[in-house]
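Please keep the sequence and the structure in view while reading.

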Amino acid sequence: MQDLSNLYQPGILEPVPPVARYCVFTLTDPGIDAGAIQEALTRLSPLADGSDVVVGFGPSLVSALACEVPGLHEFPEDFSGHGVKVPATPGTLWCWIRGSDLGHLLHLTRKVQKALRPAFGMKHVVNGFRHAWSDSGFGKDLTGFEDGTENPKGEKALEAAFAHGLGQGLDGSSYVAVQQWVHDLDAFEALGDREKDNHFGRRLADNEEIEDAPETAHVKRTAQESFDPEAFVLRRSMPWMDDLRAGLMFVAFGKSHQAFEQQMRRMAGQDDGIVDAMFSISQPVTGAYFWCPPMRDGRLDLRRLGLGVA
Ligand code: HEM
């Protein structure tokens, strides 16, 4: 495969950090001119190193700049059905602010907010964290199950997560699906040990896959090689919590939105009427797509958006 070194935002490939903030911004005035947006993005540029701050552009922002990114579109509204709701909550600009100290993240978030004013205002922020991190390089979902086990690795991770062969300004970019799930931990805790294992299709005790797990089991629904074409993504999800609620901030990076869509449709019962067991202990409350531009000389490469290297 083509060499993508230095072309992608490195935070996408790095393991998830100890703490992170997921910030969604919207335009303060939908009719704002492209020049004001460009000024805000130029101020954001020194902060957007692709590692401490990973940036994604929503389809509406690309349109506001009178540009086009192939394959980028809003989160589909038609995943819902078969008794499950999968909301679409479009966002304009997404910043995944990453680090190891929540205080530092607060200050970095404030810098990002100030840089983006007055064109953009913060719409939504969720604080994420790593849980039960192990030397294997994986953390756990709040249910106690390891999350990320079947992520593609090495060259396969690059192949799955980043656009390639599309030309300058696109190669190394990534299409991300961001979906906040709210867990019903009481419902999960009410399950017996075997039901918990069957829920995921893996054994909590040793993380081994259960060959004869029910068709509703999460890893049976989403088995990446079982799709046609195969549907590999690079998941970088993290647990989150606020005062009263907790869950998983599901984040999946792909070379396009296709693989996520194949998985989501099957989870929601659209392939065969069988709904993923996950919906019985957790509900998605947001769902948005963003395009994470590539990097060039350590800066976001926004040539595709007519802005050169920001
Ligand atoms: C509450 C929400 C979710 C939770 C708690 C969750 C948790 C997990 C866990 C524990 C695993 C097994 C270990 C691993 O391979 O990572 C897994 C696998 C996986 N999940 Fe999820 N997940 C959630 C939502 C989703 C969604 C929305 C998608 C995509 C639409 C998805 C796609 C996948 C994929 C592709 C795998 C690997 C399947 C394989 O190839 O074996 N998950 N998930």
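How many bridges join β7 to strand β12 (residues 288-292), and do these strands run parallel or antiparallel? Five bridges join β7 to β12, and the two strands run antiparallel. Two strands are said to pair if DSSP finds at least two bridges between them.

The model is predicted: local features need pLDDT of at least 70 and side-chain atom pairs count only at pLDDT 80 or more, whereas totals for chains, interfaces and linings use all residues. Residues are numbered from 1 along each chain as its sequence is written, and side-chain values use heavy atoms, with hydrogens and water left out.

The protein chain contains nine helices and 14 strands; helices (H or I, at least four residues) and strands (E, at least two) are DSSP runs, numbered from the N terminus. The radius of gyration of the protein chain is 19 Å, close to the 19 Å that the globule rule gives for 310 residues, so the chain is as compact as a globular protein of that length. That radius is taken over C-alpha atoms, and the globule rule is 2.2 Å times the number of residues to the power 0.38. Along the principal axes, the C-alpha atoms fill a box of roughly 55 × 40 × 40 Å. Of the 310 residues, 53% count as buried, where buried means under 20% relative accessible area, exposed over 50%, and partly exposed in between (1.4 Å probe, protein chains only). Among contacts (heavy atoms within 4.5 Å) between residues at least 6 apart in sequence, 77% join residues at least 24 apart.

In the pairing with β12, tyrosine 175 has tryptophan 291 as its bridge partner. β7 also pairs in the antiparallel sense with strand β10 (residues 246-254), over eight bridges, and with strand β11 (residues 282-284), over three bridges. Tryptophan 181 takes part in both pairings: it stands opposite leucine 248 in β10, and its bridge partner in β11 is proline 284.

What covers the buried residues of helix α9? The cover includes β7, α8 (218-222), β10 and β12. Eight of the ten residues of α9 (residues 258-267) are buried, so this helix is largely enclosed by the rest of the structure. Among these buried residues are Phe260, Met264 and Met267, together with Glu261 and Arg266. Just after α9, glycine 269 takes a positive phi of about 85 degrees.

Elsewhere in the chain, strand β2 (residues 53-57) is mostly covered, with five of its five residues buried. Val53, Val55 and Phe57 point one way from β2, and Val54 and Gly56 the other way. Five bridges join β2 to strand β3 (residues 93-99), and the two run antiparallel. Within this pairing, valine 53 stands opposite isoleucine 97.

Is alanine 119 buried or exposed? Alanine 119 is buried, with a relative accessible area of 2%, and lies in the loop between α4 (102-116) and β4 (120-129). Not counting residues up to four places away in sequence, alanine 119 touches Thr26, Leu27, Thr28, Ile32, Ala36, Ile37 and Ala40. By contrast, aspartate 3, in the segment before α1 (10-13), counts as exposed at 60% relative accessibility.

Most residues other than glycine have a negative phi, and most peptide bonds are trans. A cis peptide bond joins arginine 117 and proline 118, with omega about -5 degrees; proline 118 is found in the loop between α4 and β4. Another cis peptide bond joins aspartate 228 and proline 229, with omega about 0 degrees. Histidine 82, which is not a glycine, has a positive phi of about 50 degrees; it lies in the loop between α3 (59-64) and β3 and is partly exposed, with a relative accessible area of 49%. Alanine 132 likewise has a positive phi of about 50 degrees, and at 39% relative accessibility counts as partly exposed.
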